[in-house]
Structures are given as C-alpha cells and as structure tokens.
Amino acid sequence: MENEVIFKLGPLALSLSILTTWGIMLFAAVLSWLATRHLDMMPGPLQTMVEGIVSALEETILAVEPVHGRQIMPFIATLWLFLIVANLLSLIPGLHSPTRDLSVTSALAVLVFFSVHWFGIKTQGLKKYLHHYLAPSPILLPFHIISELTRTLALAIRLFGNMMSLEMAALLILLVAGFLAPVPILMLHIIEALVQAYIFGMLALIYLAGAIQSQQFNRQEQL
C-alpha cells in the first residue's frame with residue numbers, strides 16, 4: 001500500500017496517487033465536454049444520464065441548503081462525483097483508488113475546510129461570520145477552533161481508513177479466491193465505496209450549510 005513515486009520534476013515528486021487524480025480530472029473534463037457540446041431539447045442517452053445526475057445532486061443539496069444551495073452546488077457536486085469515481089477505481093485491475101492515500105484525503109479535507117470559511121464569509125461578510133465564533137459566549141471560542149480542526153482531521157482519516165481497509169480486503173479476497181471471488185463480496189465493495197463517497201460529500205455539505213446559516217441561527221436566538 002506504499003505510495004510509490006513514479007517520476008520527479010525537480011524537487012516535485014509525482015506519486016501514483018497524484019497521477020491517478022489527474023487522470024480522473026481529465027476523464028471528468030472530457031466527459032463533461034462530450035456531454036455538453038451538443039445540448040438538445042430532445043436529449044440523447046448521454047445528455048439524459050448527465051441531466052439525471054445533475055438533477056439528483058441539485059435536489060439533495062437544495063434539501064439541506066435551500067437558500068444558497070445553487071451557490072455551493074458546483075463545489076459539492078464536483079466533490080461527490082470525484083469521490084465516486086476515485087473510490088470505484090480500485091475495481092479495475094492494475095489501478096488503485098487515490099483515496100487510499102492519506103495525502104489525497106487530507107488535501108480534500110483541507111479544501112472543504114477553506115471552502116466552509118470562504119462561503120461563510122461570502123454570504124455573511126467577514127465581521128458577521130467571525131462573530132458566530134463568539135456566540136453564545138466568547139469563552140467558547142477555543143472550543144469552536146478545536147472543533148473546526150478536529151472535524152477536518154476526522155474527515156480525512158475516516159475516508160482514508162475506510163478506503164485503505166476496503167482495498168486491502170479486496171486484495172486478500174482475490175489472493176484467496178482469485179477471479180472466482182463471490183459476486184456478492186464485490187457488490188459489497190461497490191456499495192461501501194459509494195457509501196464512503198456519500199458520507200464525505202454529505203458532511204462537507206452540512207459543514208458548508210452550517211457556516212452559511214450560523215448567523216441566521218444567532219439572529220433567531222436573539223429574537
């Protein structure tokens with residue numbers, strides 16, 4: 001499970017996880033271009049599939065954050081789609097999921113961390129957003145800061161731990177049973193990969209919605 005370095009560009013070492021991540025981004029960009037270059041009122045199979053996925057993601061995001069949902073949708077939807085592809089990648093022989101690498105899951109968690117504050121400040125303004133860290137009492141400020149850091153750490157470790165154990169279990173099954181591995185076990189692998197992508201994306205969505213709505217809750221408490 002070591003993250004081997006494929007080649008180096010000066011001081012920059014490119015690992016298998018980085019190259020796999022770039023490959024997923026390239027695949028997503030090409031697929032998006034193919035799906036949107038000839039949009040039609042009578043959609044073909046690819047446009048129908050993409051519209052269905054976008055509609056489902058939009059409905060889920062608006063259910064959690066109805067006011068500013070469309071504002072955060074590009075970030076959350078991209079995160080969800082990336083994680084689904086990344087988590088399922090290990091099903092292809094010779095490939096590994098980049099989310100079994102702690103550096104990748106840490107980068108995703110840090111991205112969520114900064115996005116939470118970016119959208120919070122964008123919707124409320126810097127002063128109002130920072131004020132919610134002092135509510136209901138300034139004494140709780142250290143606990144708010146610790147909470148922000150620990151939940152980001154938990155986000156990274158949860159996905160890394162689950163995906164690494166999932167991939168190790170799949171390798172053990174293939175070693176013992178070869179390609180005659182029972183189909184139900186492989187189906188469990190797919191379900192677990194999808195569940196982990198859903199949990200990471202949903203937690204990111206809840207954190208963003210919480211940052212956007214924090215000032216609204218404070219105002220309601222003061223009424």
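Predicted model: local features only at pLDDT ≥ 70, side-chain atom pairs only at ≥ 80, totals over all residues.
Local features need pLDDT of at least 70 and side-chain atom pairs count only at pLDDT 80 or more, while totals for chains, interfaces and linings use all residues. Numbering starts from 1 along each chain as its sequence is written, and side-chain values use heavy atoms, with hydrogens and water left out.

View A. Strand β1 (residues 5-9) runs antiparallel to strand β2 (residues 12-15), and 4 bridges join them. (Strands are DSSP runs of E, at least two residues, and helices are runs of H or I, at least four, numbered from the N terminus; two strands pair if DSSP finds at least two bridges between them.) Look for V5, whose bridge partner in β2 is S15. The hairpin has 2 residues between its strands, and G10 in the turn shows a positive phi of about 65°.

**View B. A nonpolar patch on the surface.** L26, F27, V30, L31, W33, L34, L46, M49, I53 and L81 make up the patch, with about 900 Å² of accessible area together. (Areas come from the Shrake-Rupley method with a 1.4 Å probe, only the protein chains shown counting as cover for residues; patch residues have over 30% relative accessible area and no salt bridge, with nonpolar side chains (Val, Leu, Ile, Met, Phe, Trp, Tyr) joined within 5 Å and like charges within 9 Å; a salt bridge puts a side-chain nitrogen of Lys or Arg within 4 Å of a carboxyl oxygen of Asp or Glu.) Helix α1 gives the most, 6 residues.

**View C. The residues around V30.** V30 sits in helix α1. V30 counts as partly exposed because its relative accessibility is 41%, between the limits for buried (under 20%) and exposed (over 50%), with a 1.4 Å probe and protein chains only.
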